[in-house]
Amino acid sequence: MKHRVAGLSILGGVLGLALVFAGPVLAQRISFVIATGPTDGTYFPIGQAIAGLISHPDGVERCDAAGACGPKGLIASVQTSAGSIENVTDVNSGRAASGLAQSDVVSEAVTGQGPFRKSGPLKHLAVIAALFPEEVHVIASTKSRIKAIAQLKGKRVSLGDTDSGTALTASAVLHAWRIPEWRLKVHHMTSDQAAAALDKGQIDAFFFVGGAPVGLVADLIQRHRAVLVPIDGAGRKRLLAEQHTLSADVIPANTYAKAPATQTVSTRALWVVNESQPNDVVYGVVRALFNPLNRTRLDQSHPSAKLIRLDAAATDLPAPLHPGAARYYREMGKRPDGT
């Protein structure tokens with residue numbers, strides 16, 4: 001697996017100056033990686049924003065306010081990846097301290113189902129917080145005239161990169177519609193590859209799971225190159241009965257150019273961590289995430305970040321909360337009910 005650790009533009013020159021001179025005592029540096037996804041998805045910009053909020057180098061004035069940053073000396077960075085499956089695997093093994101992942105992927109991971117059957121359950125995953133809903137997008141070329149999931153039969157369709165949560169969710173959608181993959185001309189592309197291929201007429205449709213609006217989807221629809229295909233009807237009822245981490249949802253009208261409201265389903269983005277991470281570190285990062293002083297900075301990172309709310313952060317979780325996170329939620333009067 002190839003990874004790239006991205007620079008935190010949100011910290012800009014402040015980090016550099018702070019690390020040159022921080023007074024008579026320099027805090028011990030604590031490295032904290034957040035595995036995200038492709039740069040054109042939802043995870044990457046929100047991961048960047050979170051990393052900027054929780055980092056606490058010496059000499060940063062913003063961090064003087066109690067709980068505004070993570071533990072002193074913590075330097076967070078974001079790591080690009082193929083997506084959720086790769087992220088939970090890396091977090092479980094300790095290759096990444098933490099990562100963002102779809103709730104349905106985390107559920108399969110901790111129970112050893114789906115793509116985790118061979119490896120067995122991932123036993124070292126814990127949850128820091130449930131973050132925001134992620135809508136399932138099915139994007140079809142305008143030339144393909146695809147208007148329903150059933151019309152994907154015989155078409156050239158990208159189900160997502162093999163290590164992405166999109167691939168897992170796409171397979172669940174096809175199963176609910178009783179469409180075996182052999183009935184499609186299947187491709188496994190990253191989201192940017194799929195968008196480019198659709199634009200060039202090389203594929204007819206692709207799946208993508210991410211908090212709307214997604215930039216690459218917006219671009220295709222704005223240029224009248226693609227339309228959204230609804231996930232609705234009897235197929236959706238079967239899907240929701242089979243996949244309890246998915247919920248009925250709708251992409252509101254005008255989310256993408258002048259596109260009408262589109263019925264779909266959504267999962268939730270979770271921030272997961274290796275269970276071995278120290279309690280005080282995890283407590284400090286979740287406290288910074290929900291500090292009211294950081295609300296504006298978080299909201300400005302991506303529209304989905306506005307849906308990151310304390311009231312829903314510890315509810316209906318498919319994996320245990322990390323003890324450091326559970327401590328914070330108890331202190332805030334929120335009863336953690338993750339299992």
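User: How many nonpolar, polar and charged residues does the lining of the largest pocket divide into?

Analyst: Rolling a probe the size of a water molecule over the atoms shows where empty space is left. On a 1 Å grid over the protein atoms alone, a pocket is an open set of points with protein on both sides within 12 Å along at least five of seven lines, a cavity is a set where a 1.4 Å probe fits but cannot get out, and lining residues have an atom within 4 Å of a point. In this predicted model, the lining of the largest pocket comprises 11 nonpolar, five polar and three charged residues. Nonpolar means Ala, Val, Leu, Ile, Met, Phe, Trp, Tyr, Cys or Pro; charged means Asp, Glu, Lys or Arg; the others, Gly among them, are polar. The model requires pLDDT of at least 70 for local features and 80 or more for side-chain atom pairs, while totals for chains, interfaces and linings use all residues. Residues are numbered from 1 along each chain as its sequence is written, and side-chain values use heavy atoms, with hydrogens and water left out.

User: Which residues lie nearest the centre of the largest pocket?

Analyst: Of its 19 lining residues, Ala226, Val227, Leu228, Ala259 and Pro260 lie nearest the centre. The largest share of the lining, three residues, comes from β9. The pocket holds about 360 Å³ of space, a volume being the space filled by probe spheres set on grid points joined across faces, edges and corners.

User: What lines the largest cavity?

Analyst: There is one cavity of 30 Å³ or more, with about 240 Å³ of space. Its lining has 25 residues, and Pro38, Ala82, Thr166, Phe208 and Val209 lie nearest its centre. Strand β8 gives the largest share, four residues. The lining divides into 10 nonpolar, 13 polar and two charged residues.

User: At what angle do α4 and α5 pack?

Analyst: Two packed helices are described by the angle between their axes and the distance between the axes. Helix α4 (residues 103-111) and helix α5 (residues 165-176) pack at about 90°, their axes 9 Å apart. They are therefore roughly perpendicular, a term for angles of 65 to 115 degrees. Asp104, Val105 and Glu108 of α4 meet Gly165, Leu168 and Thr169 of α5, where contact means heavy atoms within 4.5 Å.

User: Which cysteines form a disulfide?

Analyst: A disulfide is a pair of cysteine sulfur atoms within 2.5 Å. Cysteine 63 and cysteine 69 form one, with their sulfur atoms 2.0 Å apart. The torsion about their S-S bond is about -80°, so this disulfide is left-handed.

Definitions and conventions:
Axes fitted to C-alpha atoms, helices over the stretch in contact; angles between N-to-C directions. Helix = DSSP H or I, 4+ residues; strand = E, 2+ residues; numbered from the N terminus. Parallel < 35°, antiparallel > 145°, perpendicular 65-115°, else oblique.
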